[in-house]
Amino acid sequence: MRFRAAVLRSYEGPFTVEEVALRTDLAPGEVLVEIAGCGMCRTDLAVRRSAGRSPLPAVLGHEGAGVVVRTGGGPDTTIGVGDHVVLSFDSCGHCDTCRGAAPAYCDSFASLNLFGGREEDPPRLTDAAGKALAPRWFGQSAFAEYALVPARNAVRVDPALPLDLLGPLGCGFLTGAGAVLNTFTAGPGDTLVVLGAGAVGLAAVMAATAAGALTVAVDRHPGRLALAERFGATPLPATTAGLAERIRRLTGGGARYALDTTASAPLVNDALRALRPTGTLGLVARLHTALPLEPGTLDQGRSIRHICEGDAVPGLLIPLLTRLWQAGRFPFDQLVRTYPLADIDEAERDCDAGRVVKPVLLPAGRSR
């Protein structure tokens, strides 16, 4: 089948919306999804800085949502034609970590999600000239009108929900909310500091407020701090003198949890100093350089760990987040701005400039 997709052909060049061809001989356990909307994530844009490690040309996009139009069947496939689904990361389903309900740490995570694909999968996506495009990105390649995905990373959702807006629940919002609800298991009386009020950080703020935790949000952009305050956090500019001590005062002696979305070494050290004894700092941003920790930051039982995909089982967390949204307790839609797929370069520029928290691309071409 042929359809439109946004293809990235060079690390420095623009996206081009062009016709692509997909072999749709579905294997058991696969589904074909007509994409209603796909979020743009920082991980998509990081391909430009991958120094050639990510093969191009490629169709990116890994926060897709849409309607199932075909299935490959199979005994383990419970998704059916007509189902509304949110697409999340891929995982093998049979390694020790997958069987231990930790698919974000799948033994094959890199090969399945970062253009490696499944070894048994032949190339399926080509451009109009027949040239192969890189294997599906995060099991999706959803900057397109259609995506062929493993049913394992498709999560059925209520058809009454605004499907075109739901895609970011599969990665960015799942990561921030999952860090709070799964990794930290934060609840009433807990204290949390969130460093960076982008899509992941603001999802963490919303989840913490829903869980009854007291939250401080740190960012350098006044507009992002205003959003964090709207969602229940105490805003604190990143330029505040004595940042760690200020956080400790606001959290009554130190935060129990801290979530860093910035990969800024000074902020990471401030966050560690702001923790109470035995407190935990979670890192979700990818580190590109060595992280120097200052003396004393890990004293008194404080710990630091990386969090991938919010420690989430998507089939459990995504329905929880949609229920919270329906109850008015996780208003992620307030972070979204939609763009026609043809305006993908404008969406990327707005994202890079901080003019939008979460761009969502609509293949049908109509923005809300």
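**A buried glutamate and its surroundings**

Setting aside residues within four places in sequence, Glu309 makes contact with Phe89, Ala104, Phe109, Phe138, Gly170, Cys171, Leu174 and Thr175. Please keep in mind that this is a predicted model.

**Glu309**

- Glu309 sits in the loop that runs between strand 15 (303-306) and helix 9 (314-326).
- Although Glu309 is buried, it has no salt bridge; Lys358, the nearest side chain of opposite charge, is 10 Å away.
- Two of the contacts of Glu309, Phe109 and Phe138, belong to one aromatic cluster together with Phe89 and Trp137.
- Phe89, also a member of that cluster, is in contact with Glu309 as well.

**Helix 9**

- Which residues of helix 9 are buried? They are Pro314, Leu317, Ile318, Pro319, Leu321, Thr322 and Leu324.
- As a reminder, an α-helix has 3.6 residues a turn, so residues three or four places apart point the same way.
- Among the elements that cover the buried residues of helix 9 are strand 6 (84-87), strand 9, helix 4 (172-183) and helix 5 (199-211).

**Nonpolar cores**

- The largest nonpolar core is made of 104 residues, and Phe143, Leu166, Phe173 and Phe330 have the most contacts inside it.
- Helix 5 supplies the largest share of this core, with ten residues.
- Beyond its neighbours up to four places away in sequence, Leu166 touches Ala65, Val86, Val157, Leu161 and Phe332.
- Another core lies apart from the largest one and has 18 residues, including Leu243, Ala255, Ala271 and Leu275.

**Aromatic pairs**

- How many aromatic pairs does the structure hold? There are nine.
- One of them joins Phe173 and Phe332 in a tilted arrangement, 5.8 Å centre to centre with 50° between the planes.
- Phe173 belongs to helix 4 and Phe332 to the loop between helix 9 and strand 16 (336-340), so this pair ties together parts that are 159 residues apart in sequence.
- Both Phe173 and Phe332 are buried.
- Phe184 and Tyr257 form a stacked pair, with 4.7 Å from centre to centre and 15° between the planes.
- Because Phe184 is in the loop between helix 4 and strand 10 (191-195) while Tyr257 is in strand 13 (residues 255-260), the pair links parts that are 73 residues apart in sequence.
- Phe184 is buried, at a relative accessible area of 2%, and Tyr257 is buried too, at 8%.

**Ala151**

- Ala151 is located in the loop between strand 8 (146-150) and strand 9 (154-157).
- Is Ala151 buried or exposed? Its relative accessibility is 11%, so Ala151 counts as buried.
- Leaving out residues up to four places away in sequence, Ala151 touches Gly29, Glu30, Val31, Thr77 and Ile79.
- The C-alpha atoms of Ala151 and Leu32 are 9.0 Å apart, while the two residues are 119 residues apart along the chain.

Key:
Residues numbered from 1 in each chain as written. Predicted model: local features only at pLDDT ≥ 70, side-chain atom pairs only at ≥ 80, totals over all residues. Heavy atoms only, no water. Helix = DSSP H or I, 4+ residues; strand = E, 2+ residues; numbered from the N terminus. Buried < 20%, exposed > 50% of the residue type's maximum accessible area, 1.4 Å probe, protein only. Lys, Arg positive; Asp, Glu negative; His and termini not counted. Salt bridge = Lys/Arg side-chain N within 4 Å of Asp/Glu carboxyl O. Contact = heavy atoms within 4.5 Å. Core = buried A, V, L, I, M, F, W, Y, C linked by side-chain atoms within 4.5 Å. Phe/Tyr/Trp six-rings, centres within 6.5 Å; stacked < 30°, edge-to-face > 60°.
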